[in-house]
Amino acid sequence: MRCRVTRALFGLVVLGCACESAPAASLDLKPAPVGVRVEAARCESAVLGFDPARAERGRVALLETGLTGPLVPMLAMQSLWAVWGTGMPADYWVAFRARYGFGLGEGVRAVNGNQATLDCLACHQGTVNGQSLVGLGNPRSDLTLLQEDLAQLATMAGFTPPGYARLRTGARGVNDAMGLGLELSLNYGTPPTPIRTELGFQDPPAWWGLKRKSRMFTDGSGDIRAHRSMMATLLAFGVTQAELEAREETFKDVREYLLSLSPPAWPFAAPAAEAVTRGRAVFEATCARCHGTSRCDANPSTLVALTEVGTDPVRASAYGPDEVAWVNLGWLARDYPETSTGAYVAPPLRGVWATAPYFHNGSVPTLAAVLESSTRPKVFELEAGADDYDAVAVGRKYASLAAAPSSPPRAERSHVYDTTRPGLSNAGHTFGDGLSAADRADLLEFLKQY
Ligand code: HEC
Ligand code: HEC
């Protein structure tokens, strides 16, 4: 088998293969199987441990040294104001951060003297109540806008922008990283069976949840032991396959670092102890069968079929058997092949108060609205100020809109979460609806300190 991993831009799983032993071809695009069993999380498993020395090396590699290669000249990254139509702002990087949701040292990094690169933190570092948290899915990130602006800048400067595939962004913080990876893989080989490359929109899960999972990715398609699947994104940032293979030990270190992360503590007024005790009982009775009990920190991930959870189906159903078979032909999946589940992982809920907006597609802005589905806004915009956290509804402050604006400039459109669009539905997961208002209130207090 001859397999190679490709270099690409902003992709997650990027690989290509030429294989003599291709799986039998089928001409139909098969829907992913539904009806995956719901298996209760078991208590006997402990949280995954980590090697402290490796974790420290991984931290340095990820946060200090950098893992990614040069992508564009730093001068281009510094000159984007020329396409903003605002003139040169007084504090360029503050304006950069406001526009794209990440900035210098937080997703953008200087490399090789005069070059710039993007790294994991553009999508995997976010801010809550003014505190920057490594590993939090970044609810403000809009890499699509950065791609578009860089292309426009190149055109203005008289260059033809490279014809790379574009990351699709459903709304700020919610993109099709998985789908882009699959799309890019097609540049380097032809799958035995046609594959889908639009996988809806995904809100990156918080890294601190990984040590309490057995399956990676929102649909549980990856094995938690798979450092190669974890690090596949590197390829999107200018690291060649040879460099990738040479740095496999670094990837193992980074995985240990990710497993060492812990959720942040609730930074506001502590919830009342009696409400927490009552809320814990509600949690054990209503939520623990899927999310793990609060007493045992179980880590086997519970996969819940689309038919039972009822959230937006695109992501889980589009990463079907043909897509997985293609990915499994490559180096990245050789040790731990991926699986098509047709389900979503019930994520561990430690620190969940920080991870709004909720669900795999970021379609619900607060925990209160997760627990009472009739109150979920259909079209909304997250607030973006330093004071954007809602400590009462537990999540991000938002404004409801009557409808998505039809043709504002791209930069403004991306603020809007339009849950009527395919891939962004806020339906399903109605497990809190049957609770009394008092039980829901107690559950919120419990989740604040969980
Ligand atoms: C363009 C945004 C983006 C970038 C950049 C990015 N990721 Fe992600 N990442 C995602 C999204 C979106 C998901 C969730 C995809 C899914 O499972 O549906 C994800 C999932 C993951 C997961 C699995 C989390 C879980 O709980 O299942 C890991 C681990 C991860 N990324 C690591 C990395 C690392 C390491 C880097 C840098 C080398 C990186 N990512 C760069 C968007 C990104
Ligand atoms: C039948 C299994 C099941 C039950 C019962 C259940 N959940 Fe979930 N939960 C899931 C699944 C699966 C997801 C992921 C759905 C998705 O992302 O599309 C999820 C997602 C969530 C999320 C979003 C997490 C995030 O980071 O985006 C929250 C919050 C949540 N559940 C809370 C609860 C609470 C509180 C209860 C009890 C009232 C509960 N769940 C009961 C299966 C369940």
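**Close-up views of a predicted model**

**View 1. The loop around F359.** F359 sits in the loop that runs between β14 and α16; helices (H or I, at least four residues) and strands (E, at least two) are DSSP runs, numbered from the N terminus. This is a predicted model, in which local features need pLDDT of at least 70, side-chain atom pairs count only at pLDDT 80 or more, and totals for chains, interfaces and linings use all residues. Residues are numbered from 1 along each chain as its sequence is written, while chains are lettered from A and ligands numbered from 1 in the order in which they are written. F359 has a positive phi, near 80°. F359 is buried, with 24 other C-beta atoms within 10 Å (buried: 20 or more other C-beta atoms within 10 Å of its own; exposed: 12 or fewer; partly exposed: in between; C-beta atoms are placed from the backbone). P357 belongs to the loop between β14 and α16, and a cis peptide bond with omega of about 0° joins A356 to P357.

**View 2. The shell around ligand 2.** Ligand 2 is surrounded by 26 residues, the closest being C287, C290, V304, T311 and H360 (C-beta atom, placed from the backbone, within 6 Å). At least two shell residues come from each of α12 (288-291), α13 (306-309), β14 (343-346) and α16 (367-371). The largest share, three residues, is that of α12.

**View 3. The loop at N112.** N112 lies between β5 (107-111) and β6 (115-118) in a loop. The phi of N112 is positive, near 50°. N112 is exposed, with 10 other C-beta atoms within 10 Å. Most residues other than glycine have a negative phi.
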